[in-house]
Amino acid sequence: MAIIRAAVGDALQEFSEGAGFDEVWRFIDKHMASSDVERAIVLMDQGGATIEEIWDSSLYFAHWETPSKMRAYLDLAGFDQDE
């Protein structure tokens with residue numbers, strides 16, 4: 001299922017069903033790349049499944065610095081983000 005909603009801290013973005021994975025990643029990166037505080041990151045798919053993380057920028061860069069790293073992390077976590 002595709003990711004339809006993402007939140008980083010208090011910023012929320014809804015995505016159309018056709019939105020690409022890279023679009024979701026760009027939204028997250030915009031809010032995490034320059035953050036110097038911990039922020040909650042929440043993703044929701046079409047079926048209502050969610051994954052939540054609370055990360056500072058060092059954890060973000062270690063796990064989700066690129067779209068491919070983010071996809072690999074979500075795969076390992078069992079979060080189905082099929083486009």
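Gly-20 sits in the loop between β2 and α1. Helices (H or I, at least four residues) and strands (E, at least two) are DSSP runs, numbered from the N terminus. Gly-20 has a relative accessibility of 25% and counts as partly exposed. From Gly-20 to Ile-3 the sequence distance is 17 residues, and their C-alpha atoms are separated by 8.7 Å.

The model is predicted: local features need pLDDT of at least 70, side-chain atom pairs count only at pLDDT 80 or more, and totals for chains, interfaces and linings use all residues. Residues are numbered from 1 along each chain as its sequence is written, and side-chain values use heavy atoms, with hydrogens and water left out.

The chain contains 3 helices and 4 strands. Their order along the sequence is β-β-α-β-β-α-α. The C-alpha atoms fill a box of roughly 30 × 25 × 20 Å along the principal axes. For 83 residues, a compact globule would have a radius of gyration near 12 Å, and the chain agrees, with 12 Å. That radius is taken over C-alpha atoms, and the globule rule is 2.2 Å times the number of residues to the power 0.38.

Of the 83 residues, 35% count as buried. Contact means heavy atoms within 4.5 Å. Among contacts between residues at least 6 apart in sequence, 48% join residues at least 24 apart. The chain exposes about 4,600 Å², and carbon and sulfur atoms supply 49% of this area. Accessible areas come from the Shrake-Rupley method with a 1.4 Å probe; for residues, only the protein chains shown count as cover.

Charged side chains number 6 positive and 17 negative. Lys and Arg count as positive and Asp and Glu as negative, while His and the chain ends are not counted. The centres of the two sets lie 5 Å apart. Each charge is placed at NZ of Lys, CZ of Arg, CG of Asp or CD of Glu.

Helix α1 covers residues 21-32. At 1.5 Å a residue, its 12 residues should span 16 Å; the end C-alpha atoms are 17 Å apart, which agrees. The expected span is 1.5 Å times one less than the number of residues. Buried residues of α1 are Phe-21, Val-24, Trp-25, Phe-27, Ile-28, Asp-29, His-31 and Met-32. An α-helix has 3.6 residues a turn, so residues three or four places apart point the same way. The buried residues of α1 pack against β1 (3-8), β2 (11-14), β3 (39-45), β4 (50-55), α2 (57-64) and α3 (67-76).

Leu-74 belongs to helix α3. Leu-74 is buried, because its relative accessible area is 0%. His-63 is 11 residues from Leu-74 along the chain, and their C-alpha atoms are separated by 9.6 Å.

Gly-47 occupies the loop between β3 and β4. Its relative accessibility is 56%, so Gly-47 counts as exposed. Gly-47 and Ala-11 are 36 residues apart in sequence, and 21 Å apart in space from C-alpha to C-alpha.

Thr-50 is part of strand β4. Its relative accessible area is 36%, so Thr-50 is partly exposed. Leaving aside residues up to four places away in sequence, Thr-50 touches Leu-43, Met-44 and Phe-79. Ser-34 lies 16 residues from Thr-50 in sequence, and the two are 24 Å apart in space, C-alpha to C-alpha.

Key
Buried < 20%, exposed > 50% of the residue type's maximum accessible area, 1.4 Å probe, protein only.
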